[in-house]
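Here are my notes on this structure. Please read them with the model open beside you.

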Amino acid sequence: MGDFSKDINSTFPNQKVKAMLNIMFTANWINSYQTSFFKPFKISSQQYNILRILKGADEPLKVQTIKERMIERSPNVTRLMDKLCSKNLIERISCPGDRRVVHIKITLEGLNLLNDISKANKKDLLGNLTEEEASQLSDLLDKVR
């Protein structure tokens with residue numbers, strides 16, 4: 001098992017500072033893994049998140065609804081969706097009653113990409129944790145927020 005303080009060759013004034021820096025270090029480690037994992041699929045983890053939201057919705061969603069459901073909230077959701085549109089992974093549907101409202105729908109190509117990703121060999125990033133430990137970690141992170 002790793003020791004965060006040895007990983008960065010540092011000491012900390014107290015356990016709360018160590019925990020906060022460890023959360024940030026671990027988040028960056030997970031983000032780096034995800035960037036590498038999604039690279040062959042030519043999408044980002046945020047784009048993947050949008051596709052998963054749309055797949056789970058089973059109906060077209062407003063852009064604002066997608067923004068609210070995203071794990072990593074981004075001010076660039078429109079840009080992310082532009083890229084997904086250009087790859088034919090999602091489509092925009094204009095609302096006939098209100099031109100300002102646009103709904104987003106996942107395409108068959110988007111669903112196929114999600115299927116390919118689900119078959120890819122993913123590392124279990126929490127593999128060293130038991131179900132009980134994973135539950136405890138999740139509860140502690142909820143408590144932090």
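1. Start at Thr 107. Setting aside neighbours within four places in sequence, Thr 107 is in contact with Asn 88, Leu 89, Ile 90 and Glu 91. Contact means heavy atoms within 4.5 Å. Thr 107 sits in the loop between S3 and H6. Helices (H or I, at least four residues) and strands (E, at least two) are DSSP runs, numbered from the N terminus. Thr 107 counts as buried, at 13% relative accessibility. The classes are buried under 20% relative accessible area, exposed over 50% and partly exposed in between, with a 1.4 Å probe and protein chains only.

2. A word on the model. This is a predicted model, in which local features need pLDDT of at least 70, side-chain atom pairs count only at pLDDT 80 or more, and totals for chains, interfaces and linings use all residues. Residues are numbered from 1 along each chain as its sequence is written, and side-chain values use heavy atoms, with hydrogens and water left out.

3. Confidence. pLDDT is the predictor's confidence in each residue, from 0 to 100. The protein averages 90, and 99% of the residues score at least 70. Helix H1 (residues 4-7) has the lowest confidence, at a mean of 74. Helix H6 (residues 108-119) has the highest, at 96.

4. Glu 59. Is Glu 59 buried or exposed? Glu 59 is exposed, with a relative accessible area of 51%. Its place is the loop between H3 and strand S1 (61-62). Glu 59 and Ile 106 are 47 residues apart in sequence, yet 8.7 Å apart in space, C-alpha to C-alpha.

5. The core. The largest nonpolar core has 24 residues. Such a core is a set of buried Ala, Val, Leu, Ile, Met, Phe, Trp, Tyr and Cys residues joined through side-chain atoms within 4.5 Å. Among those with the most contacts inside it are Ile 43, Ile 50 and Ile 66. H3 gives the largest share, six residues. Leaving aside neighbours within four places in sequence, Ile 66 is in contact with Ile 50, Ile 53, Leu 54, Leu 61, Met 81 and Ile 104.

6. Helix packing. Helix H3 (residues 45-57) and helix H5 (residues 77-86) pack at about 75°, with axes 10 Å apart. Axes are lines fitted to C-alpha atoms, for helices over the stretch in contact, and angles run from 0 to 180 degrees between N-to-C directions. H3 is therefore roughly perpendicular to H5, a label covering 65 to 115 degrees. H3 contributes Gln 46, Gln 47, Ile 50 and Leu 51 to the contact; H5 contributes Leu 80, Met 81, Lys 83 and Leu 84.

Conventions: Parallel < 35°, antiparallel > 145°, perpendicular 65-115°, else oblique.
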